[in-house]
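Please look over the sequence and the fold shown here before reading on.

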Amino acid sequence: MAERSIVRSSTLLAGGTIISRILGFIKAIVLAGAIGLAASGDAFAAGNQLPNTIYVIVAGGALSAVLVPQIVRSALHSDGGVAYINKLVTIALLVLAAAALVATLLAPLLVRVTVSGLTPEQTDLAIAFAYWCLPQIFFYGVYTILGEVLNARNSFGPFTLAPILNNIVALAGLVVFIAVFGSDPNGYLPLSWWTPSSIALLAGSATLGIGVQGLVLFFFWRRVGLRYRPDFRWRGVGLKETGRIASWSFGMILVTTAAGLVETNVVSTASGDGKASLAVLANAWLIFMLPHSVVAVSIATAYFTRMSENASIGSTEGVRADLSASIRQITVIMLLAGTVLVVVAFPFGRVMIDSFSGATGIGSVLIAFLLGLPAFSILFVLQRAFFALGDTRTPFFTNLFQAIVFSIGSLLVLVLVPKEFVGVGVALCLSGAGTLQTLLAAFIMRRKLGGGGRRVVSSFGKDALAAVPAAATGVVVFLLFGGASADGFALSGRLQAIVVMVIVGAAMALVYLGGLRVLRSSELTDALRPILGRLRRSA
């Protein structure tokens, strides 16, 4: 019954995420068509990414680490955890509101600190965008808080549906922007073209989408037996222990953000002249996150609640079994997804931007990111396992290790690598540092749980072997469609690129499945059997 619940929850999360990601890609394509990926695109990327960065510093990691395990434990209280949840949410909302207000007032300083490599004109435009975007900090927090409370109560649907509304609102804003002000897909318009009204429409609609995404979750609380009432009586409900756990998470986020500042400042030095800079990396990262969001986040989020339940009753064996199962189910799909995306990276870039140079720019950065995809997803699960065990200290030190390695690598890229390859170099540094962090976290977790991991290693080895002939097949099919030439069918247009991506992906999936069958790997079958069984019953 518990396993069926995990599958049902994972399927629901994955379905909602797929729809949201498709809309997100459409939004990114429309945005690129509206303002391009050059000077204006980089300025908007700088202003629109800033609230996400500040939110993560203030509360993002702490909320993710604390909410689900602590809310699961609070269910043992006499009132079922209602008082604890109201007090915790009240504190969090106050902190977020203060952070959003202060950050908005400090917009000029924050932009200059995060993207020092932009020109003065770009910096001014980024600041104008930031004034409209920084209130998103509060709404990001509302979405995380309300969504994690629902997840802890095993209500996963609203958390996945809310981003769909966000993308719809933001898309509508972009359509209105193009209808009123026109489009500039190649980024030819000078920065002086921007007016207060055009800035307000573009950035304001983005913030409105985030606001809808967060606030709509209030309507679903009653379905899980909750009703939020602000509560400022913060003593006697165990918030002191929550604060201790959150403090390490806060330190972890500060370290991660410091590394992020290094990244944005290094990458911003390449802005202009068609180089891979902020906007290009943002689009490549959007593609990179597709398989991770659909597979890793969906499966890990569902398992996270159960790991927290097992940890709360002291069942180390249960945590170990859940961790092993989630990693194996994730990696068997992630290796195929990552390998396919490497082969079709340039066509995917061609879908995102209507030019060959833009496609190769996004594709090159994407390949560099994808080298670290399996490790990135495994690390996501490992960190949730640490959080379920109430250990936020260990993730802090593993993040510190990763941040040091990444920052050193990025600074070397800044000094040694030509500007046109800075974006690719930074992406490679991120993949390398993340892989090392994952190995370190896995070693520590194995010791913490008293063993385990042999089945995970064996499963991963079979997945990797099956991916080799699949990759070779994909490359051959891609080349047959003229992928080696700018004039070839594969890169001649958006529709052609989509057709090639579908054909290459289907061919690689068939070979991969055949390889797993030859190697007698049951992981993919185990992951898909409940879903396929449900589809057969429905039919």
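**Helix packing and cysteines**

In this crossing, α5 passes α8 in a right-handed sense. The model is a predicted one, and in it helix α5 (residues 120-133) and helix α8 (residues 196-215) pack with their axes 8 Å apart, at an angle of about 40°. The two helices α5 and α8 are therefore oblique to each other. On the α5 side, the contact is made by Leu-125, Ala-128, Phe-129, Trp-132 and Cys-133, while α8 contributes Ile-199, Ala-200, Leu-202, Ala-203, Gly-204 and Thr-207. Sorted by class, the residues in this contact of α5 with α8 are nine nonpolar and two polar, with no charged residues.

Helix α8 also packs with helix α7 (residues 157-181), at an angle of about 165° and with the axes 7 Å apart. An angle over 145° counts as roughly antiparallel, so α7 is roughly antiparallel to α8. The crossing in which α7 passes α8 is right-handed. From α7, the residues that meet α8 are Ala-162, Pro-163, Leu-165, Asn-166, Val-169, Ala-170, Gly-173, Leu-174, Val-176, Phe-177 and Phe-181, and their partners in α8 are Ser-197, Ser-198, Leu-201, Leu-202, Ser-205, Ala-206, Leu-208, Gly-209, Ile-210, Val-212 and Gln-213. In this contact of α7 with α8 there are 15 nonpolar residues and seven polar ones, and no charged residues. Leu-202 of α8 is listed in the contact with α5, and Leu-202 is listed in the contact with α7 as well.

The contact draws on Ser-364, Val-365, Ala-368 and Phe-369 of α13, together with Gly-423, Val-424, Ala-427, Leu-428, Leu-430 and Ser-431 of α16. By class, the contact of α13 with α16 has seven nonpolar and three polar residues, and no charged ones.

The structure holds zero disulfides. Cys-133, which is among the α5 residues in the contact with α8, is buried, with a relative accessible area of 0%. Cys-429 is also buried, with a relative accessible area of 17%, a value that falls in this class because buried means under 20%.

Note on methods:
Residues are numbered from 1 along each chain as its sequence is written. This is a predicted model: local features need pLDDT of at least 70, side-chain atom pairs count only at pLDDT 80 or more; totals for chains, interfaces and linings use all residues. Side-chain values use heavy atoms; hydrogens and water are left out. Contact means heavy atoms within 4.5 Å. Helices (H or I, at least four residues) and strands (E, at least two) are DSSP runs, numbered from the N terminus. Ala, Val, Leu, Ile, Met, Phe, Trp, Tyr, Cys and Pro count as nonpolar, Asp, Glu, Lys and Arg as charged, and the others, Gly among them, as polar. A disulfide is a pair of cysteine sulfur atoms within 2.5 Å. Buried means under 20% relative accessible area, exposed over 50%, partly exposed in between (1.4 Å probe, protein chains only). Axes are lines fitted to C-alpha atoms, for helices over the stretch in contact, and angles run from 0 to 180 degrees between N-to-C directions. Angles under 35 degrees count as roughly parallel, over 145 as roughly antiparallel, 65 to 115 as roughly perpendicular and the rest as oblique. A crossing is left-handed if the near helix is turned anticlockwise from the far one by less than a right angle, and right-handed if clockwise.
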